[in-house]
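Please read this report alongside the sequence and the coordinates.

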Amino acid sequence: MKAIVSVFAKDSKGITAYVTSLLAQQEINILDISQTLMQEYFAMIMLVDLADCTLPFNELAELLKAKGAERSLDIHIQRQDIFEAMHRI
Amino acid sequence: MSYLINSSEILQTIEMIDQQHLDVRTVTMGISLLDCADRDITVCCDRIYEKICRKAEKLVSTGEQIEREFGIPIVNKRVSVTPISLVAASCEAEDYTPLAKTLDRAAKTLGINFIGGFSALAHKGFTESDKRLICSIPRALTETDLVCSSVNVASTRAGINMDAVALMGRIIRQTADIDPMGCAKLVVFSNAVEDNPFMAGAFHGVGEPECVINVGVSGPGVVAHALKSCKGQPFDVVAETIKRTAFKITRMGQLVAQEASRRLDVPFGVVDLSLAPTPARGDSVAEILEIMGLETCGIHGTTAALALLNDAVKKGGVMASSHVGGLSGAFIPVSEDAGMIAAAEEGVLCLDKLEAMTCVCSVGLDMIAVPGDTGAETISAIIADEAAIGMVNNKTTAVRLIPAKGKQVGERIDFGGLLGSAPIMPLHEGSAAEFIARGGRIPAPLQSLKN
């Protein structure tokens, strides 16, 4: 299953490293990555593959949320289908 | 095709959900109860309870799972059933309240938000069962929490059953005397639809399959946000913007509907393309009309603005879904829309204007609080006016009035949650008692010579 991980936070050092290592620990492969700064806010969007991740989706979402909160990061994970359905014909 | 990240699309979707209140308003499972009939009402109740609990066992958990995976809130999970007046027709019982209590119990077991279908279709005349059901409504709705009721009193093909209109005035009056909240769960329809997923008017029509999944989308906040970017532009641009937005909202609804259908192994019925407001700020249909350039919802120009909105929502949505149905359009429930509440409190939005708006919106006079001492004949007369609009214009109209016990114009009544709160609106003086007392049927209108 492919999913989109989105990370929002006030910009600081090491956000990308922190999030990507979290994903690596769960055997999640990053397929594409994009990041932008909107004023002083950092927004990172990743397309990931969950094929090797053993954690059920719900638990993964909660884990990312909790681990994100520890560093004041807002981390969401959503199945990629919703973006494709909404924006592509 | 492999998907590549398009940040602006992804951010737009996330913003719609997080800040503009985009949600799937309801996933409603329609269940046929025609095979639950029995002469003994206790047996009938047992069969109904067993069937609903069996068919919808996984509805809530599946809905929650989809919510989490897609990151889109599904606000309500509901069940609609075959009109109970049909299921109970062979029961040897005068009072149908036990059936309502059974529906309530099943709804609570399942953990759903509402169950609809304590209904009767009496647009041409009453069966004995229709009468028994209607007379049970005051008790049924005030002694249950989650049961919704609807009665169809008119259709374009049959005309208006004025006996039913008169009876419903009295029933609403009786229900309000026990508990006005009961009236928030009761809709009187003209041209009721069989696949509506929205409450309080949802029921599972006889032309529907055994079991079906219907999804109602929402998103007034998303439309309002999109329209803010076309200030001063001509209406062509406004209509186009609404269509594009409605398309995106509906695609999301279609995806959720397909997923729910697949996971529950129940056929997909329709997506209902409705703009359903909530009392939350920024989730208002009135606000959309005001963004179009009206100082306050309810002034001259409101009907035209709503007509454009209603039509553009449908045009944008139809291509996004394989099957569109239900009530599709813009809802104008006064108590559930912060902008409407404000306009009504200022005295700008009045009942007459709302009636005009119902000619072009998706349903009708919805969630309107009237003085507690409003007579049954006056309620019936309001129903008759609204039914006539639906009958002549070939559209669904409905009346959901709440006579607010002990309250007068200028006060307000709170319903809580998604039902919001409503100012008590003034009605015209004068009696329609003689008009309502006539009874009989208003004949079906001519479908040609359209002027």
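The sections below go from the model as a whole to single residues.

## Basis of the description

This is a predicted model, in which local features need pLDDT of at least 70 and side-chain atom pairs count only at pLDDT 80 or more, while totals for chains, interfaces and linings use all residues. Residues are numbered from 1 along each chain as its sequence is written, and chains are lettered from A and ligands numbered from 1 in the order in which they are written.

## Chain A

Chain A contains three helices and four strands, where helices (H or I, at least four residues) and strands (E, at least two) are DSSP runs numbered from the N terminus. Along the sequence these elements follow the pattern β-α-β-β-α-β-α. For 89 residues a compact globule would have a radius of gyration near 12 Å, and the 13 Å of chain A agrees with this; the radius is taken over C-alpha atoms, and the globule rule is 2.2 Å times the number of residues to the power 0.38. The C-alpha atoms of chain A fill a box of roughly 30 × 30 × 20 Å along the principal axes. Of its 89 residues, 31% count as buried, a residue being buried if 20 or more other C-beta atoms lie within 10 Å of its own, exposed if 12 or fewer do, and partly exposed in between, with C-beta atoms placed from the backbone.

The four strands of an open sheet in chain A are arranged in the order β2-β3-β1-β4, with antiparallel pairing; two strands pair if DSSP finds at least two bridges between them. At the edges lie β2 (29-38) and β4 (74-79) of chain A, each of which pairs on one side only. From one strand to the next the twist averages 15°, with axes being lines fitted to C-alpha atoms, for helices over the stretch in contact, and angles running from 0 to 180 degrees between N-to-C directions. Six bridges join β1(A) and β4(A) in the antiparallel sense, and Ser6(A) has His76(A) in β4(A) as its bridge partner. Helix α1 (residues 15-25) of chain A packs on this sheet, where it touches β1, β2, β3 and β4 of chain A and makes about 25° with the direction of β3(A); residues are in contact if their C-beta atoms, placed from the backbone, lie within 7 Å.

## Contact between the chains

Chain A gives 23 residues to the contact and chain B gives 19 residues. On the side of chain A that touches chain B, the elements giving two or more residues are β1, β2, β3, α2 (57-70), β4 and α3 of chain A, and α3(A) supplies the largest share, seven residues.

## Chain B and its helix α1

Chain B has 16 helices and 14 strands. With 451 residues, a compact globule would have a radius of gyration near 22 Å, and the 21 Å of chain B agrees. Of these 451 residues, 59% count as buried, and among contacts in chain B between residues at least 6 apart in sequence, 80% join residues at least 24 apart.

The buried residues of α1(B) are Ile10(B), Thr13(B), Ile14(B), Met16(B) and Ile17(B). Seen down the helix axis they fall within an arc of 155°, so they line one face of α1(B); the arc is that of the directions from the helix axis to the C-beta atoms. The face turned away from this buried side carries the exposed residues Ser8(B) and Gln19(B). The cover over the buried residues of α1(B) includes β1 (2-10), β3 (41-49) and α3 (81-87) of chain A, together with α9 (220-228) of chain B. Just after α1(B), His21(B) takes a positive phi of about 60°.

Strand β1 (residues 24-31) of chain B runs parallel to β2(B), joined to it by seven bridges, and Met29(B) stands opposite Val79(B) in β2(B). Three bridges join β2(B) to strand β3 (residues 114-121) of chain B, again in parallel, with Arg78(B) opposite Phe114(B) in β3(B).

Ala381(B) lies in helix α15 (residues 376-393) of chain B and counts as buried because it has 22 C-beta neighbours inside 10 Å. Not counting residues up to four places away in sequence, Ala381(B) touches Ala432(B), Phe435(B) and Ile436(B).

Technical notes:
Contact = placed C-beta atoms within 7 Å.
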